[in-house]
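Have a look at the sequence and the 3D view before reading on.

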Amino acid sequence: MTAPLTREACAALDRDDPLAFARDRFDLPEGVIYLDGNSLGALPRATADALAQQTQEAWGRGLIRSWNSAGWIDAPLRVGARIARLIGAGADEVVVTDSTSVNLFKLASAAVALRPGRRVILSEPGNFPTDLYMLQGLCAQLGGAVELKCVPRDRIAEALDETVAVLVLTHVHYTSGEVFDMAGLTARAQAAGALTLWDLSHSTGALPMDLTGAGADLAVGCGYKYLNGGPGAPAFAYVARRHQDGLRQPLSGWMGHAAPFAFVDDYQPAAGIGRVLCGTPSVLAMTALDCGVATFDGVEMAQVRAKSMSLSGLFLDLLEARLPGVFQLVSPRNAADRGSHVSLAHPDGYPIMAALIADGVIGDFRAPDRLRFGFTPLYLSHTDVFDAVEILVRIMREERWRDRRFAVRQAVT
Ligand SMILES: *Cc1c(COP(=O)(O)O)cnc(C)c1O
């Protein structure tokens with residue numbers, strides 16, 4: 001596509017946008033262009049009422065009866081099945097529970113147990129920090145029987161050998177946005193006898209995936225990014241059906257027991273994906289996540305992908321035309337090679353992002369020098385992207401980011 005570089009051309013694209021209707025599913029503040037839905041998805045319109053209903057009716061009136069009558073106890077599987085459609089998995093292969101960090105630990109541990117005698121967990125340097133930290137914690141827990149080995153992404157295929165128990169990668173990289181070839185690497189890992197564990201935090205709700213087609217073994221993903229589940233929303237875990245009955249995860253809490261209300265002393269894992277559960281689900285958080293996932297109802301992930309590539313491509317075209325040479329592009333230039341966000345490097349990245357946020361364009365900053373912009377097709381338009389770049393151009397031309405107040409670092413960037 002040749003870039004439409006006028007605002008009118010952007011408005012014309014918006015008029016033809018098959019996803020334009022979805023913006024109305026969100027409650028977005030006036031005067032803000034939100035380019036951070038890859039970090040915290042926007043608030044769906046349905047969420048506040050659903051939370052009020054669950055609080056006042058299901059909890060307030062139903063009290064403990066609501067575990068049955070309001071279906072609370074089934075929520076992890078029900079919402080998991082809803083997410084399954086978005087990632088190309090079977091409805092009985094996904095469950096919502098815990099955080100991404102905790103799920104990664106559970107599934108990495110289970111993977112190592114499924115591959116006895118193999119002493120390597122393979123990943124890449126610069127993977128999302130919590131993934132590496134959790135794997136380091138697991139290795140320490142296993143007392144040195146297993147080690148974490150990180151090799152650069154272009155050398156992963158050759159590092160897959162008979163020592164590797166599990167390959168743990170983030171499908172879309174959290175800063176660069178680079179996409180791994182899930183099917184290719186899964187096949188390569190399996191040929192070496194290893195399992196794969198994919199972190200789908202920056203992929204789910206951003207681009208189509210086919211976990212079944214790729215033959216993926218295990219996966220985890222985040223509920224509060226493109227899934228719009230709210231701050232700290234529960235995460236999900238995927239286990240391919242063929243691995244479920246043999247899967248032993250270390251956090252063997254009662255909610256993953258075959259019969260939690262039999263109250264027996266000995267742990268017996270539930271059949272199927274339910275064994276990934278640990279403790280009691282956070283019902284209100286699960287309600288909000290359900291509303292977030294529902295914003296994808298009637299939406300095809302192929303449409304999401306097409307619009308995502310169009311929005312982020314427009315952003316880069318505009319930057320190159322209006323601010324040539326000012327930022328260094330960290331993400332792949334080819335839209336098909338990146339997820340739904342774009343990172344730019346600039347030595348003054350932090351104050352520039354702070355100035356943008358003060359002017360209503362919300363992105364985020366990742367140390368040491370990256371400005372990150374997320375493009376969420378359900379609630380962004382091409383004119384939003386055009387306007388955001390106009391504001392960035394003004395900030396750079398007038399050097400407004402040099403104002404001292406923008407240098408003060410906040411706890412969360
Ligand atoms: C956001 C994200 C997480 C988040 O983990 P939490 O346990 O929710 O804090 C994990 N991994 C990746 C790749 C992420 O992008």
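Which residues of H14 are buried? Keep in mind as you look that this is a predicted model.

## Helix H14

Here's the list: His382, Thr383, Asp384, Val385, Phe386, Ala388, Val389, Ile391, Leu392, Val393, Ile395 and Met396. That's twelve of the 16 residues, so H14 is largely enclosed by the rest of the structure. The buried residues pack against helices H1, H12 and H13, along with strands S1 and S11.

H14 runs over residues 382–397 and reaches 23 Å from its first C-alpha to its last, close to the 22 Å expected. Just after the helix, Glu399 takes a positive phi of about 55 degrees.

## Thr204, tucked into a loop

Now hop over to the loop between strand S6 and helix H9, where you'll find Thr204. Thr204 is buried, with a relative accessible area of 1%. Its side chain reaches the backbone oxygen of Leu200 at 2.8 Å. Leaving out residues up to four places away in sequence, Thr204 touches Ile83, Ile87, Met209, Tyr226, Leu227 and Phe236.

## Around the ligand

The residues surrounding the ligand include Ser99, Phe128, Asp199 and Lys225. By class, this shell has two nonpolar, seven polar and three charged residues.

Zoom in on some atoms: a polar side-chain atom of Ser101 lies 2.6 Å from a ligand oxygen, and a side-chain N or O atom of Asp131 is 3.0 Å from a ligand nitrogen. The protein covers 87% of the 390 Å² of accessible area that the ligand has on its own. Helices H5 and H6 are the elements that give two or more residues to the shell.

Methods:
Residues are numbered from 1 along each chain as its sequence is written. This is a predicted model: local features need pLDDT of at least 70, side-chain atom pairs count only at pLDDT 80 or more; totals for chains, interfaces and linings use all residues. Side-chain values use heavy atoms; hydrogens and water are left out. Helices (H or I, at least four residues) and strands (E, at least two) are DSSP runs, numbered from the N terminus. The expected span of a helix is 1.5 Å times one less than its number of residues. Buried means under 20% relative accessible area, exposed over 50%, partly exposed in between (1.4 Å probe, protein chains only). Contact means heavy atoms within 4.5 Å. A polar contact is a pair of N or O atoms within 3.5 Å; within protein, one must be able to donate a hydrogen and the other to accept it, and residues adjacent in sequence count only if both atoms are side-chain atoms. A residue is near a molecule or strand if one of its heavy atoms lies within 4 Å of it. Accessible areas come from the Shrake-Rupley method with a 1.4 Å probe; for residues, only the protein chains shown count as cover. Ala, Val, Leu, Ile, Met, Phe, Trp, Tyr, Cys and Pro count as nonpolar, Asp, Glu, Lys and Arg as charged, and the others, Gly among them, as polar.
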